[in-house]
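Visitor: I would like to learn how to read strand pairing and a few other features. Please show me the structure and take me through them.

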Amino acid sequence: MNQDRFKFRVWNGEQMVSPDYITRDGCAHWKEDSIPNSSNKLMQCTGIKDIKGNLVYEGDVIQVRGGETAQGFREVDLIGEVVWSYTAFYLKVGEIHYDFSIMDYDTVYIIKNIYDTGSIG
């Protein structure tokens, strides 16, 4: 099993940081006084790496080639946000949720995170 799936990060208002511990209610906390003592902007790692070797987290905006459709697969680039819904990760493109588990991970590219400023592309 990929242990990266159990990594978490949060946006502290300026950058992504890893919490010291997470409570059962999903709130991240730190022992140090140098950063906020808690945050509820928790993002879990998918356990997948993009084409550059970067771990993909919930909240990342990614581009992937060959997304799932009702008719099967298509050779079209999809750009969307990685979201957790119920029991799995999905690629949210508009109002459509594509099953993240069946995508070709060799074509995943992280564009930015939802907390990054600026436009996509």
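Visitor: How many bridges join β8 to β14, and do the strands run parallel or antiparallel?

Guide: Strands of a sheet pair through backbone hydrogen bonds, either parallel or antiparallel. In this predicted model, β8 and β14 are antiparallel and are joined by four bridges. Take Gln63 as an example: Tyr109 in β14 is its bridge partner.

Visitor: What is the order of the strands in the open sheet?

Guide: Five strands make up this open sheet, in the order β13-β12-β11-β8-β14, and their pairing is antiparallel. At the edges are β13 and β14 (109–113), each of which pairs on one side only. From one strand to the next, the twist averages 40 degrees.

Visitor: Where does Tyr98 lie, and is Tyr98 buried or exposed?

Guide: Tyr98 belongs to strand β13, residues 96–99. Its relative accessibility is 9%, so Tyr98 counts as buried. From Tyr98 to Val83 is 15 residues in sequence, and their C-alpha atoms are 10.0 Å apart in space.

Visitor: How many salt bridges does the structure hold?

Guide: It holds one. Asp60 and Arg9 form the salt bridge, with 2.5 Å between the closest N and O atoms. This pair links distant parts of the chain, 51 residues apart: Asp60 is in strand β8 (residues 60–65) and Arg9 is in strand β1 (residues 8–11).

Visitor: Why does Asp60 count as buried?

Guide: The cut-off for buried is under 20% relative accessible area. Asp60 is at 2%, so Asp60 counts as buried. Arg9 also counts as buried, because its relative accessibility is 14%.

How values were computed:
Residues are numbered from 1 along each chain as its sequence is written. This is a predicted model: local features need pLDDT of at least 70, side-chain atom pairs count only at pLDDT 80 or more; totals for chains, interfaces and linings use all residues. Side-chain values use heavy atoms; hydrogens and water are left out. A salt bridge is a side-chain nitrogen of Lys or Arg within 4 Å of a carboxyl oxygen of Asp or Glu. Helices (H or I, at least four residues) and strands (E, at least two) are DSSP runs, numbered from the N terminus. Buried means under 20% relative accessible area, exposed over 50%, partly exposed in between (1.4 Å probe, protein chains only). Two strands pair if DSSP finds at least two bridges between them. Axes are lines fitted to C-alpha atoms, for helices over the stretch in contact, and angles run from 0 to 180 degrees between N-to-C directions.
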